[in-house]
Amino acid sequence: MAFRNLTTADRAAVRTITVNRPDKLNALNQETIAELTLAFRQAAQDDAVRVVVLAGAGEKAFVAGADISEMTAWAPVRAQAASRAGQDLMLAVERLGKPVIAKVQGYALGGGMELAMACHIRVASEKAKFGQPEIGLGLIPGFGGTQRLTRLAGRGAALELCLLGQQIDAARAERLGIVARVVSAEDLDATVDAMADQLAAAAPLALKGILEAVIEGGECAIDQGLAFETQGFAIAFSTDDMREGTSAFLERRKASFKGS
Ligand code: COA
């Protein structure tokens, strides 16, 4: 299906989904949110896709937030539906079952920061800026920001960023644990491509097990989280890829993982 607000491109097992509204700094209007949700569902169902890279078109913004122009006339019940639709998108990203890398070259504000935080690894250009500026609009984050920022960076940083609404640069985002790696603007594509290639060559079912144990297991009390981990560990022993990985190590050769 052709999207009006996104582009998708496949490079071997790596699918890049790009929000493509650069004249609006890739702001997430309702149509874009619906298209992104569909694009992630398609990526989940396509066995040929092992990794997703999420990007924003243009040089200026990853995503500069939810589309403010749509919000002004919303009644509370409409705002509730929009918040849920945004949160559903973030869950579709976070629970894809395959690694998702956010490639952040510019502004990741509001819903853009929330979208980046739903991804599993964030790689940023040193020009990137992060923030939850909703307070300046008389609003609060509505796409999961209060929850994921608290989990990623802790309550102190989440309260500081959401209450003051200021932008932070990529270096501070890295210090807070929001960003995995900060590179020069020139190196961003190559860094993300190399990371995506490494993930595409890894054992998909083991990647899925790690994602489930960390994300879903991480929401439980430790006994349940550990049970999640044990289940994933045991399931790995049912896979051809586990036999291939261990044999390849002992035979001093490179493993070739098939996803079975
Ligand atoms: N929603 C709707 N439109 C947005 C937008 C958003 N979140 N962010 C940017 N845009 C639009 C602008 O309205 C402008 O459109 P126009 O050219 O038709 O007037 C275009 O994108 C370019 O933005 P502009 O503000 O002119 O760029 P800038 O370089 O001066 O400022 C930002 C960049 C990111 C600082 C500024 O756009 C901004 O503060 N955006 C809103 C961020 C925000 O509050 N996000 C949370 C929303 S809940």
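Tutor: Contact here means heavy atoms within 4.5 Å, and a helix is a DSSP run of H or I with at least four residues, numbered from the N terminus. Keep in mind that this is a predicted model, where local features need pLDDT of at least 70, side-chain atom pairs count only at pLDDT 80 or more, and totals for chains, interfaces and linings use all residues. Residues are numbered from 1 along each chain as its sequence is written, and side-chain values use heavy atoms, leaving out hydrogens and water.

Let's begin with α5 and α6. From α5, Leu149, Thr150 and Ala153 touch Arg155, Ala157, Ala158, Leu161 and Cys162 of α6. Sorted by class, that contact has six nonpolar residues, one polar and one charged. Helix α6 covers residues 155–164. The axes of α5 and α6 (lines fitted to C-alpha atoms over the stretch in contact, with angles from 0 to 180 degrees between N-to-C directions) come within 7 Å and cross at roughly 135°. So the pair is oblique, the label left once under 35 (roughly parallel), over 145 (roughly antiparallel) and 65 to 115 degrees (roughly perpendicular) are taken. The crossing of α5 and α6 is right-handed, with the near helix turned clockwise from the far one by less than a right angle.

Now turn to α4, residues 111–118, and its meeting with α5, residues 145–153. Their axes come within 10 Å, crossing at roughly 50°, so α4 and α5 are oblique too. This crossing is left-handed. On the α4 side you'll find Met113, Glu114, Met117 and Ala118, and they meet Gly145, Arg148, Leu149 and Leu152 of α5. Five of the residues in this contact are nonpolar, one is polar and two are charged. Spot Leu149: this α5 residue meets α4 and also α6.

Terms used. Helices (H or I, at least four residues) and strands (E, at least two) are DSSP runs, numbered from the N terminus. Ala, Val, Leu, Ile, Met, Phe, Trp, Tyr, Cys and Pro count as nonpolar, Asp, Glu, Lys and Arg as charged, and the others, Gly among them, as polar.
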